[in-house]
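Hi there,

Please keep the structure below open while you read this email.

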Amino acid sequence: MSEVHLYDLFQSVGPVASVHLCRNFATRRSLGYAYVNFHRMEDAERALETMNYTNIRGRQCRISWAQ
């Protein structure tokens with residue numbers, strides 16, 4: 001998984017402001033979660049409604065709010 005892949009995937013919902021894939025500091029391996037920020041709250045709500053629990057590369061995507 002990469003930031004570019006997540007960006008492209010969530011771009012279908014609405015304009016993405018940023019993507020941060022959380023990685024282990026020493027090994028640089030993914031920790032299995034990321035932060036996707038949208039420009040508009042409506043787009044974030046749509047992502048939560050339409051993409052929550054969808055499969056991304058064989059793993060279930062769980063979406064929640066973060067501040």
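Let's start with Y33, which counts as partly exposed because its relative accessibility is 42%. Here buried means under 20% relative accessible area, exposed means over 50%, and partly exposed lies in between (1.4 Å probe, protein chains only). Y35 is also partly exposed, at 41%.

Two notes on how to read all this. The model is predicted, so local features need pLDDT of at least 70 and side-chain atom pairs count only at pLDDT 80 or more, while totals for chains, interfaces and linings use all residues. Residues are numbered from 1 along each chain as its sequence is written, and side-chain values use heavy atoms, leaving out hydrogens and water.

Now the overall fold. The chain has two helices and four strands, arranged along the sequence as α-β-β-α-β-β. (Helices, H or I with at least four residues, and strands, E with at least two, are DSSP runs numbered from the N terminus.) Along the principal axes, the C-alpha atoms fill a box of roughly 35 × 25 × 20 Å. Buried residues make up 22% of the 67 in the chain.

How many aromatic pairs are there? The count is two. Rings of Phe, Tyr and Trp (its six-membered ring) pair if their centres lie within 6.5 Å; planes under 30 degrees apart are stacked, over 60 edge-to-face, and the rest tilted. F10 and F38 form an edge-to-face pair, because their ring centres are 6.3 Å apart and their planes meet at 65 degrees. This pair links distant parts of the chain, with F10 in helix α1 (residues 3-11) and F38, 28 residues apart from it, in strand β2 (residues 30-38). Both F10 and F38 are buried. Y33 and Y35 are edge-to-face too, with centres 6.2 Å apart and planes at 85 degrees.

Next, look at the largest pocket, which holds about 1000 Å³ of space. On a 1 Å grid over the protein atoms alone, a pocket is an open set of points where a 1.4 Å probe fits, with protein on both sides within 12 Å along at least five of seven lines; lining residues have an atom within 4 Å of a point. Points are joined across faces, edges and corners, and the volume is the space filled by probe spheres set on them. The lining has 28 residues, and A34, Y35, V36, R62 and I63 lie nearest the centre. Strand β2 gives the largest share, eight residues. By class, the lining has 18 nonpolar, six polar and four charged residues. (Ala, Val, Leu, Ile, Met, Phe, Trp, Tyr, Cys and Pro count as nonpolar, Asp, Glu, Lys and Arg as charged, and the others, Gly among them, as polar.)

What about disulfides? The structure holds zero, where a disulfide is a pair of cysteine sulfur atoms within 2.5 Å. C22 is in none, and its nearest cysteine sulfur, that of C61, is 13 Å away. C22 is buried at 8% relative accessibility, and C61 is buried at 13%.

Finally, find E49 in helix α2. E49 is exposed, with a relative accessible area of 67%.

Enjoy exploring!
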